[in-house]
Amino acid sequence: ERSLIGDDEHGWSDTGAFNFEGGCYAKVVRLSKEAEPDIYETTRMFGTVLENVVIDARSRHVDLDDATLTENTRAGYPLTHIKNIVPSGMAGHPKNIIMLTCDAFGVMPPISKLTPDQAMYHFLSGYTAKVAGTEKGVREPQTTFSTCFGAPFMPLPPTVYATLLGHKIAKHDVHSWLVNTGWSGGPPSVGSRMKISHTRAMVRAALNGSLAGVQTQQDPIFGLHIPASCPGVPSEVLNPRNTWKDTAAYDTKAKELAEKFKKNFEQFASSATAEVRNAGPK
């Protein structure tokens, strides 16, 4: 459907988006041919480097379902292992920006449309969860805020990057989305992880324009604009409150997370504009 310019580490210049990593580094624990056919095939190709992946001592076959060593099993491979790529690693200006979060509370919508100010707010917040397998010592998902979704790599004040993002969104009339790949129906002890098929359908709909004219409902706590429908996704999944058996428990958890957002954003209160400050949870 779309050509790949790179797996990770991209920039956005005056001429468009570009990749400066040059390869791919994918998590492959319990990777299946059905869910991720292209990445799965790379684990069988010459030139791929496998990390922490268990190999049968006799057959020499890899077992991607074996997490004996760690959940953080990886495959590093050249971009050319993927079929539909852009060899130059460069593209024009994006029409959509999708920010990914992994909500361990189970209260964030699986997809929501962001205003430019909300895009800047959530870019600054960088809310997600540390999950087992990618963080040492983490056995249960833990809430974390990683400024600009990559705090360790940002040498300038975060609001500098947020302002740059806001200018580019306005200049190129870019649509912004927040996609949650975390839990639905409750936290990990109660709910379940968002189905990858649903996430893929939502991303596809955002990129191909299917969601452009869909009516949205504003979440009363987070202020996010939730589409009323999305091709390939059950409508009841789109509003997280509807996925909880105990809606009162949902309200409590949502307000708890909203307070965490507010507390975290205090560090930007003096440098962010009033419009961006007011774009967060109520």
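In this predicted model, tyrosine 250 counts as buried, its relative accessibility being 2%. The residue belongs to helix H6, and its C-alpha atom lies 7.5 Å from that of glycine 186, although 64 residues separate tyrosine 250 and glycine 186 in sequence. When neighbours within four places in sequence are left aside, the contacts of tyrosine 250 are with Val107, Asp219, Phe222, Pro240, Arg241 and Trp244.

One of these partners, phenylalanine 222, has contacts of its own with Val107, Met108, Tyr250, Ala254, Leu257, Ala258, Phe261, Gly280 and Pro281, again leaving aside its neighbours within four places in sequence. Phe222 is also listed, together with Met99, Val107, Met108 and Leu257, among the residues with the most contacts inside the largest nonpolar core, a set of 33 residues. At least two residues of this core are supplied by each of strand S8 (96-101), H2, helix H3 (158-171) and H6, and the most are given by H6, which provides six residues.

On the side of H2 the meeting residues are Tyr121, His122, Leu124 and Ser125, while H6 contributes Phe261, Lys262, Asn264 and Phe265.

Helix H2 itself is mostly covered, with eight of its 10 residues buried. The buried residues of H2 are Gln118, Ala119, Met120, Tyr121, His122, Phe123, Leu124 and Ser125. Glycine 126 follows H2 and has a positive phi, near 60°.

Two further residues, serine 112 and threonine 181, may be described in turn. Serine 112 is located in strand S9, which covers residues 111-114, and with a relative accessible area of 1% serine 112 is buried. Not counting residues up to four places away in sequence, serine 112 touches Ser176, Trp177, Leu178, Leu224, His225 and Pro227. Threonine 181, by contrast, counts as partly exposed, at 22% relative accessibility, because buried means under 20% relative accessible area and exposed means over 50%. The position of threonine 181 is in the loop between strand S12 (175-180) and strand S13 (183-184). Its C-alpha atom is separated by 7.1 Å from that of aspartate 103, a residue 78 places away along the chain. Apart from its neighbours within four places in sequence, threonine 181 is in contact with Leu100, Thr101, Cys102, Arg193, Met194 and Thr199.

At the level of the whole chain, the assignment gives domain 1 (10-90) and domain 2 (96-279). The centres of domain 1 and domain 2, taken over C-alpha atoms, are separated by 26 Å, and the contact takes 10 residues from domain 1 and 11 residues from domain 2.

Definitions and conventions: Residues numbered from 1 in each chain as written. Predicted model: local features only at pLDDT ≥ 70, side-chain atom pairs only at ≥ 80, totals over all residues. Heavy atoms only, no water. Contact = heavy atoms within 4.5 Å. Helix = DSSP H or I, 4+ residues; strand = E, 2+ residues; numbered from the N terminus. Core = buried A, V, L, I, M, F, W, Y, C linked by side-chain atoms within 4.5 Å. Buried < 20%, exposed > 50% of the residue type's maximum accessible area, 1.4 Å probe, protein only. Domains from an automatic or database assignment.
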